[in-house]
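Good morning, and thank you for making the time. I would like to take you through one protein model and its ligand.

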Amino acid sequence: KKQINILGIESSCDETAAAVVTNGSRIRSSVVASQEDIHREWGGVVPELASRAHLENIYPVIKKAVDDANIDLHDIDAIAIANQPGLVVSLIIGVTAAKTLALTLDKPLISINHVHAHLQAAILAEENVELPAAALIVSGGHTNLYDCESPLDLRLLGSTIDDAAGEAFDKVASILGLGYPGGPVIDKVAKKGNPTAVRFPRSMMGKDSLDFSFSGLKTAVLYHCQGQDMKGTSQVDKMSEQEIADIAASFQAAVVEVLTRKTELAAQQIKARTVLVGGGVGANSALRESLTRSCEKSGRNLLIAPMKLCTDNAVMIASLAYHKYKAGLFADLTLEPKART
Ligand code: KG4
Ligand code: ZN
């Protein structure tokens with residue numbers, strides 16, 4: 001059989017998603033139900049609310065993905081589910097739906113690591129990727145560098161010891177009164193700001209380290225906003241739009257510089273021909289520009305996930321599952337959600 005159709009399901013955080021992908025790269029459908037509006041008023045993801053919203057959304061989202069793909073359920077060859085890492089109360093909704101479908105349709109179940117799948121978004125449209133690649137996965141929950149030998153063979157080289165980069169964007173946006181989620185709004189506001197206005201710290205964690213730390217940067221922004229007297233009250237209300245834009249741009253420049261330098265360092269260490277980038281922060285325009293310049297200089301191929309596939313989606317789940325399908329790596333109905341990997 002030539003065509004392998006995989007239904008991917010994703011519910012690890014605050015997006016309920018389903019997609020049908022043929023042979024790992026042909027996107028037949030992709031449905032994402034965002035819960036942004038639910039969590040906005042809390043300034044972050046509330047697990048209990050996320051879980052309930054997944055429960056409401058999971059059936060209509062899967063149904064729409066199957067309908068949009070114009071495929072008969074029985075022509076689906078496997079059900080793929082992101083079962084780790086993430087919020088267990090969220091993951092469990094997708095895992096339960098996937099198991100139910102696998103059981104009732106009598107199709108194989110494939111378990112997927114959500115973070116690894118983010119990388120697949122960068123390579124799924126590519127015919128030939130020169131490997132090994134240095135892979136940066138940068139999202140609201142993760143800031144990881146990998147040595148990627150194949151889509152199924154990722155070796156962790158470094159990660160954040162505290163906040164993820166996306167988390168820093170979200171927290172700084174909240175400090176600046178810019179709303180939630182922080183990444184897209186800081187990206188937009190920073191375009192009007194001066195990235196050299198404030199010299200925020202760039203935590204490099206030692207010369208050869210591939211680990212990250214962003215919590216000091218977040219604190220530096222907080223202190224900066226409290227003014228010189230550091231009395232603890234935020235001065236943000238009194239700042240002009242330009243001042244806010246300058247802080248946003250300066251913060252973003254610090255994150256982008258660290259991410260770019262560490263990615264380049266990882267590529268040097270493993271002698272990578274290619275740099276891969278995925279995850280929500282991969283949508284950041286300054287990061288995309290900076291990595292483009294850095295890879296031009298070093299002569300490496302740069303593959304960044306298309307904007308739409310940077311943030312959480314199920315295309316990346318179904319796409320990575322194709323590689324597991326071909327390798328015969330299946331899960332069984334005892335599969336459980338896991339918070340960490
Ligand atoms: O990959 P994702 O959807 O979820 C996780 O797996 O965490 O990433 C969401 C994160 C959020 O922290 C959001 O603020 C950030 O990605 N993000 C951005 C941009 N778009 C989304 N950060 C910086 N610039 C952006 N344009
Ligand atoms: Zn994600």
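Is helix H4, residues 114-123, largely enclosed by the rest of the structure or largely open? Ten of its ten residues are buried, so H4 is largely enclosed. Among those buried residues are His 114, His 116, His 118 and Gln 120. Buried here means that 20 or more other C-beta atoms, placed from the backbone, lie within 10 Å of the residue's own. Helices are DSSP runs of H or I with at least four residues, numbered from the N terminus.

A word on conventions. This is a predicted model, in which local features need pLDDT of at least 70 and side-chain atom pairs count only at pLDDT 80 or more, while totals for chains, interfaces and linings use all residues. Residues are numbered from 1 along each chain as its sequence is written, and chains are lettered from A and ligands numbered from 1 in the order in which they are written.

Turning to the domains, the assignment, automatic or from a database, gives domain 1 (5-119 + 310-327) and domain 2 (130-305). Their centres, taken over C-alpha atoms, are 27 Å apart.

Finally, the ligand. Both domains give residues to the shell around ligand 1, so the ligand lies between them. The shell (C-beta atom, placed from the backbone, within 6 Å) holds 19 residues, with Gly 140, Gly 166, Gly 183, Gly 280 and Asn 284 the closest. Helices H5 (165-175) and H6 (182-190) each give two or more residues, and H6 has the largest share, four.

Key. Buried ≥ 20, exposed ≤ 12 C-beta atoms within 10 Å, placed from the backbone.
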